[in-house]
Amino acid sequence: MRYFDHSTDAATDTGIMQLRLECGGAAVDAYWYLVEQMHRDERDVCVGNARAMRVHCHTLCCTENDLETWVGAMVSAGLFEAGETDGTIRSKRAMGNIEAYQDKRRKATSAAESRWKNADAKQPHKRQHSKRNADAMPTKQNKTKVSSALASTTKPSASGDAAAADAAPPAAEPMCPMCGVRVWRNTQTGRYDCNNCLDSFDADAVAWR
């Protein structure tokens, strides 16, 4: 997942204040880095092996000793829970956010599949017609028309969102490939955000209808 709720009074949270007083502002920065990684990867964060520690320390511009001290302070302050044997840490709040997001995504996918099945059941002739067209070989007379149609509906991904929009069929709207609702282009990331799935997609992954 790419987004999660962040309280506006997080800076005055008891655990955060304890961490800041004990280890300084750099430790608080490390805490939010680890929280973001949990949400992004949708799993616990590993801090129990040398390779993982090197990656974390390179990102945070700190030493391994500093990070080990900070993580220990985070666990002591109740911000994280330490795994018993696998060298990972987790946050109850982060795991709750991830479970809620995954549940919503499953429901959105299931709802989209149901809508498509219902549409196929109501208009089966459209699916049969599409299958016949897909199986048919183009003749000499319509090869040029088929090539032109393919060229006009193909969206190149290498040239970015602007080219993708130009290549979309006239009056087409970008739709979520998971739940089928209208998505909106994020001008900061260049991706298309779905307010229903709470996910974002590249231009070539969006369904244009």
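**Close-up views of a predicted model**

**View 1. Helices H3 and H4 pack at an angle of about 95°.** H3 spans residues 50–60 and H4 spans residues 64–76. Their axes lie 9 Å apart in this predicted model. Angles of 65 to 115 degrees count as roughly perpendicular, so H3 and H4 are roughly perpendicular to each other. H3 contributes Ala 50, Met 53, Arg 54, His 56, Cys 57 and Leu 60 to the contact. H4 contributes Glu 64, Leu 67 and Glu 68. By class, the contact residues of H3 with H4 are five nonpolar, one polar and three charged.

**View 2. Cys 61 sits in the loop between H3 and H4.** Its phi is near 55°. That is a positive value in a residue other than glycine. Most residues other than glycine have a negative phi. Cys 61 counts as exposed, because its relative accessibility is 71% and the cut-off for exposed is over 50%.

**View 3. Cys 57 and Cys 62 are not joined by a disulfide.** A search of the whole structure finds zero disulfides. For Cys 57, the nearest cysteine sulfur is that of Cys 62, 4.1 Å away. For Cys 62, the closest cysteine sulfur is in Cys 57. A disulfide requires sulfur atoms within 2.5 Å, so the 4.1 Å between the sulfurs of Cys 62 and Cys 57 is too far for a bond. Both cysteines are buried: Cys 57 has 7% relative accessibility, and Cys 62 has a relative accessible area of 15%. Cys 57 also belongs to the H3 side of the contact with H4.

**View 4. Glu 42 has a positive phi although it is not a glycine.** The value is about 60°. Glu 42 is found in the loop between helix H2 and strand S1. H2 covers 25–41, and S1 covers 45–46.

**View 5. Three strands form an open sheet in the order S5-S6-S7.** The pairing is antiparallel. Strands of a sheet pair through backbone hydrogen bonds. S5 (184–185) and S7 (199–201) stand at the edges. Each has a single partner strand, so one side of each is left without a neighbour in the sheet.

**View 6. S5 and S6 pair in the antiparallel sense over two bridges.** S6 comprises residues 192–194. Trp 184 has Asp 193 of S6 as its bridge partner.

How values were computed:
Residues are numbered from 1 along each chain as its sequence is written. This is a predicted model: local features need pLDDT of at least 70, side-chain atom pairs count only at pLDDT 80 or more; totals for chains, interfaces and linings use all residues. Side-chain values use heavy atoms; hydrogens and water are left out. Axes are lines fitted to C-alpha atoms, for helices over the stretch in contact, and angles run from 0 to 180 degrees between N-to-C directions. Helices (H or I, at least four residues) and strands (E, at least two) are DSSP runs, numbered from the N terminus. Angles under 35 degrees count as roughly parallel, over 145 as roughly antiparallel, 65 to 115 as roughly perpendicular and the rest as oblique. Contact means heavy atoms within 4.5 Å. Ala, Val, Leu, Ile, Met, Phe, Trp, Tyr, Cys and Pro count as nonpolar, Asp, Glu, Lys and Arg as charged, and the others, Gly among them, as polar. Two strands pair if DSSP finds at least two bridges between them. Buried means under 20% relative accessible area, exposed over 50%, partly exposed in between (1.4 Å probe, protein chains only).
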